Structure formats: structure tokens, C-alpha cells
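Work through the following exercises with the sequence and the model in view. Try each task before reading its solution.

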Amino acid sequence: MLQAYKLVKSNAGSSSIDSQTIREFDNNLKNNLYKIWNRLSSGSYYPAAVKAVPILKKDGGERILGVPTVSDRIAQMVVKLVFEPELEPHFYENSYSYRPNKSALDAVGITRSRCWKYNFVLEFDIKGLFDNIDHELIIKAVRKHTNTKWVILYIERWLKAPIQFPDGRLVERTKGTP
């Protein structure tokens, strides 16, 4: 729990629908971490709605960034710390997104070095992937790689967490990742 908290704190991040910042969370750190641990370990943890933050795209459109609460980010990090070592060996070595000890700069570096070897580049982007991905498909993949029931339970709850838009609208999720 403490390791998860330290990782979340190092990432900084903004407040969510509860307006609590990491600094405010720190004011009652021991009690706040205990509450998360108690809820996670008892099975009574349910995430808050995710704050929808519109981000402008270069093409003039926008995408929605989901911002979880500080408590939810810490709980997610706890699950990540347990699940990631089980999942990591199954990734292709040339996959760089959201991987431990790999960064966007690493991807740029390997791409640059390969540009000297090959005379072509392939780029793929699946439009709307994160907005439309099937929850059952994700949970099926999670179950394939872990038998840890509480990890599966909480990933499923995070997928289904509603998203709250700036106008106050609360939208339930049946697909996509908040």
C-alpha cells in the first residue's frame, strides 16, 4: 500500500470529482491508506466516478481523459503491482506503451535506429480503441493471466466505473476504459 502511494505521489496528477489533491490526501495519510487497504481487503471497495477532462486533438477534435480520484489511483497501483509481474512476460519485446522500464523515448530510439536498416515504416492507430473496447474481452484476457480473484474483481469494477462530465452528467460505462 505504501509503495503504491509513493508511486502515485511521484506521478503527481490532478484532482478528480472529489477535488482532493495528493497534498490533501497526505494530511491524513495513515488513515487514508488504512481506509483503502481495509476496503480492498474486505471486498467492499468500489471506485468513485471518473472525472472526464476534454483534451483538444491536433485535428480539431477532442478526446476524453478520465481522471480517477487519488484514492482510486492508489488502489489501481496496488493491483498493478500485483498483476503486472504476472502479465509482463507475455508482452512482445517491441511493445513500449505503459511497460515497466520502457518509455516513449525508448520507442523513438529504437525506431530511429531501425530507420537506418529498413526503407519503410508501418504505423497503426485503432481509432476509438479505448472508447470502444469490450469489457468482457478485457476481463477474459485478465482471467487468462491471473487466478487472483480480487485483482479480477477490481479491474472489472474500474472498467464499469461511471464517468462524470464537466456539465455534471454521469454516464455509466458498458464499453471502453474510463
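**Exercise 1.** Find which residues His135 is in contact with, leaving aside its neighbours within four places in sequence.

*Solution.* Begin with the place of His135, which is in helix H7, residues 135-145; helices (H or I, at least four residues) and strands (E, at least two) are DSSP runs, numbered from the N terminus. Next, apply the rule for a contact, which means heavy atoms within 4.5 Å. Once neighbours within four places in sequence are left aside, the contacts of His135 are Leu159, Lys160, Arg173, Thr174, Lys175 and Gly176. Finally, consider the cover: His135 counts as buried because its relative accessibility is 5%, where buried means under 20% relative accessible area, exposed over 50%, and partly exposed in between (1.4 Å probe, protein chains only).

Before going on, note that this is a predicted model, in which local features need pLDDT of at least 70 and side-chain atom pairs count only at pLDDT 80 or more, while totals for chains, interfaces and linings use all residues. Residues are numbered from 1 along each chain as its sequence is written, and side-chain values use heavy atoms, with hydrogens and water left out.

**Exercise 2.** Determine how many aromatic pairs there are, and describe the pair of Tyr5 and Phe25.

*Solution.* The rule comes first: rings of Phe, Tyr and Trp (its six-membered ring) pair if their centres lie within 6.5 Å, and planes under 30 degrees apart count as stacked, over 60 as edge-to-face and the rest as tilted. By this rule there are five aromatic pairs. In one of them, the rings of Tyr5 and Phe25 have centres 6.2 Å apart and planes at 25°, so this pair is stacked. Tyr5 belongs to helix H1 (residues 2-11) and Phe25 to helix H2 (residues 22-26), so the pair ties together parts that are 20 residues apart in sequence. As for cover, Tyr5 is buried, with a relative accessible area of 6%, and Phe25 counts as buried at 0% relative accessibility.

**Exercise 3.** Classify the pair of Tyr45 and Tyr154, and say where its two residues lie.

*Solution.* The ring centres of Tyr45 and Tyr154 are 5.3 Å apart and the planes stand at 80°, so the pair is edge-to-face. Tyr45 lies in the loop between helix H3 (29-42) and strand S1 (50-56), whereas Tyr154 lies in helix H8 (residues 149-160), so the pair ties together parts that are 109 residues apart in sequence. Tyr45 counts as buried at 0% relative accessibility, and Tyr154 counts as buried at 0% relative accessibility as well. Ring pairs also bring in Trp158, linking Tyr45, Tyr154 and Trp158 into a cluster.

**Exercise 4.** Decide whether Phe124 is buried or exposed, and find where it lies.

*Solution.* Phe124 is in the loop between helix H5 (104-115) and helix H6 (129-132). Because its relative accessible area is 74%, Phe124 is exposed.
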